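Me: Please take a close look at a single part of this model and walk me through it. Keep it brisk, and give the cut-offs as you go.

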Amino acid sequence: MPESRAPDVLLLMTDQQRVGCTAAHGGPDTMPRTDALLAAGTRFDRAYTSSPVCVPARTSLLTGRFPTAHRVRQNSTAEHALYATDLLDVLRDAGYSLHFSGKPHMHPGPDDFDSYSGPFFHDSGPPAEQGGDSTAHGAASSGSEVRDPVGFERWLRDLDHGVAEEPTPYAVEDQFPSRIVDGAVRALEHAPADRPRFTWVSFPEPHNPYQVPEPYFSMFEDQVPERATDAGVLDGMDWRFRWLHRLIEEKRPGFDRQWRRYRANYLGMLRLIDDQIGRLLDAVAAQDRETIIVVLADHGDFVGEYGLQRKGAAMPDALMRIPLGVSGPGIAAQVRDELVSIIDIMPTLAERLTGEIPAGVQGRSLDPLLRGEAAPAEEFGSILGELGYGGVSYDEDSRPPLHFSYDGPGFDELNSVTLGGEMRMLVHGHHKLVVDDQGHDTLHDLREDPLELHDLSGDPASQGVRADLHRQLVRWMMRAADDLPTGVYMPRTRPHNWRWARGPALTDDPGGTT
């Protein structure tokens, strides 16, 4: 490879993947290729999303900004993202060709990429011919001799975002991960050889509908982890959890009886994704180009915990924590336990590839951490998360007619009840504070209570911790305030955007350069 060419970048993103469902995180061996990839690089064991909602989280990934700053707080407002420079701008200016395949849910569109395969969503994709011929692809086949992508998508819509009780009666090659990897491989084959490449592969799975063909349907039936909780714990939790449970029960009476099938399908979907990732990694390896590979999810999934499916209530770690890892040239083989965020990816890549972090970016470069260097505890000992569509919070008895006035309400349209108002999360060490706009807060010890069932906010012995987390939350919320637009007077910054770090390696240059 010519020394003048920067490394390629491959971004692999899943949708709604909960931490703990892979062998690397203590679960079944669902993603062996991905785990092996990250075993040779850096895995962050305590990574969080900025928001447990698709578009706000993806906007944070691209801009390095919290939803408070980029202004996208629901899935219907991607085009209103506010920023000065996003990741695509950084890479394009650095000479990269840009390629996308998969689910978008973001402010850039097809014209912002050199090649674009999509859009794929949870029950629909582009015309099958755009995905190319994939009749021989996939590590396993459902046994179907005739592919029928149109029939498959019709079947997905009939499933209505639910849980399939039988194997999907369509070929592995019809599944979106297979078609998405087809598009990515085709992009790599036709991308300019003399330019570095950025390829974003975005899988709609394991987001619902929870379905998978054989052999994946049966693959984990005897390995389904037992639940630690069910709906019996909801009376002691935030009302938003009970509201969501009632909503799903009204739409799908007796839905929680499916929890084992739901979990088995979810794990099978992860293996299907991993097999397709393996196919893509083989194609990347065959080209013999240095490549930085980032693996992450946008947010988590209840996966049956608390008697709930998917997402849409409050900020438990089941929804807020995400898998995150980076592999490639110059990246140490290690597991890190710093508290990091999806907003840190953009400044990390920007600093590593260009040496600069754009104005308005709130995330911190993880590049020194990727090299194996120590991280300042003050900078990486806590992390902020946000949630809320704005307005005033509803309460448990709210039944807004707008959201119940039509037959068969969809879940996404109903999120505005549980996601109304504002919530903020602060994790520090092994404690977690969540506050809402009604003045209510909860405090949990994640080490002793990882499922956040025992609220310590009223515990006299915990008031010192509670007060400290409130102070740190205020500090983070000031950090999440927007420095844009830039003007004559430039804000003071520090290297790597480590605003709270101290030490001789960090300058106090009033010029404000990073």
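Reply: Buried means under 20% relative accessible area, exposed over 50%, and partly exposed in between, with a 1.4 Å probe and protein chains only. C54 has 1% relative accessibility, so C54 is buried.

The model is predicted: local features need pLDDT of at least 70, side-chain atom pairs count only at pLDDT 80 or more, and totals for chains, interfaces and linings use all residues. Residues are numbered from 1 along each chain as its sequence is written, and side-chain values use heavy atoms, without hydrogens and water.

Stay with the cysteine. The sulfur of C54 is 16 Å from the closest cysteine sulfur, in C21, which is too far for a bond. A disulfide would need the two sulfur atoms within 2.5 Å. By this rule there are 0 disulfides. C21 is likewise in no disulfide, and the nearest cysteine sulfur to C21 is that of C54. C21 is buried because its relative accessible area is 10%.

(Strands are DSSP E runs of at least two residues; helices are H or I runs of at least four; both are numbered from the N terminus.

β1 (residues 8–15) and β6 (residues 291–297) run parallel and are joined by 7 bridges. L10 has I293 in β6 as its bridge partner.

Contact here is heavy atoms within 4.5 Å. Axes are lines fitted to C-alpha atoms, for helices over the stretch in contact, and angles run from 0 to 180 degrees between N-to-C directions.

α1 also meets another helix. The axes of α1 (residues 32–39) and α9 (residues 259–287) come within 7 Å and cross at roughly 55 degrees. The two helices are therefore oblique to each other. (Under 35 degrees is roughly parallel, over 145 roughly antiparallel, 65 to 115 roughly perpendicular, the rest oblique.) α1 contributes P32, R33, T34 and L37. α9 answers with R271, D274, I277, G278, L281 and D282. By class, this contact holds 4 nonpolar, 2 polar and 4 charged residues. (Nonpolar: Ala, Val, Leu, Ile, Met, Phe, Trp, Tyr, Cys and Pro; charged: Asp, Glu, Lys and Arg; polar: the others, Gly among them.)

Past β6 comes a loop residue. R310 sits in the loop between β6 and α10 (317–320). R310 is buried because its relative accessibility is 4%. R310 and G118 are 192 residues apart along the chain, and their C-alpha atoms are separated by 24 Å.

Last, the other sheet. This open sheet has 4 strands, ordered β9-β10-β11-β12, with antiparallel pairing. Its edges are β9 (382–390) and β12 (441–445). Neighbouring strands are turned by 10 degrees against each other on average, direction ignored. β10 (residues 421–428) and β11 (residues 431–436) pair over 6 bridges. M423 has D436 in β11 as its bridge partner. Helix α15 (residues 463–479) packs on this sheet and touches β9, β10, β11 and β12.

Methods
Pairing = 2+ DSSP bridges.
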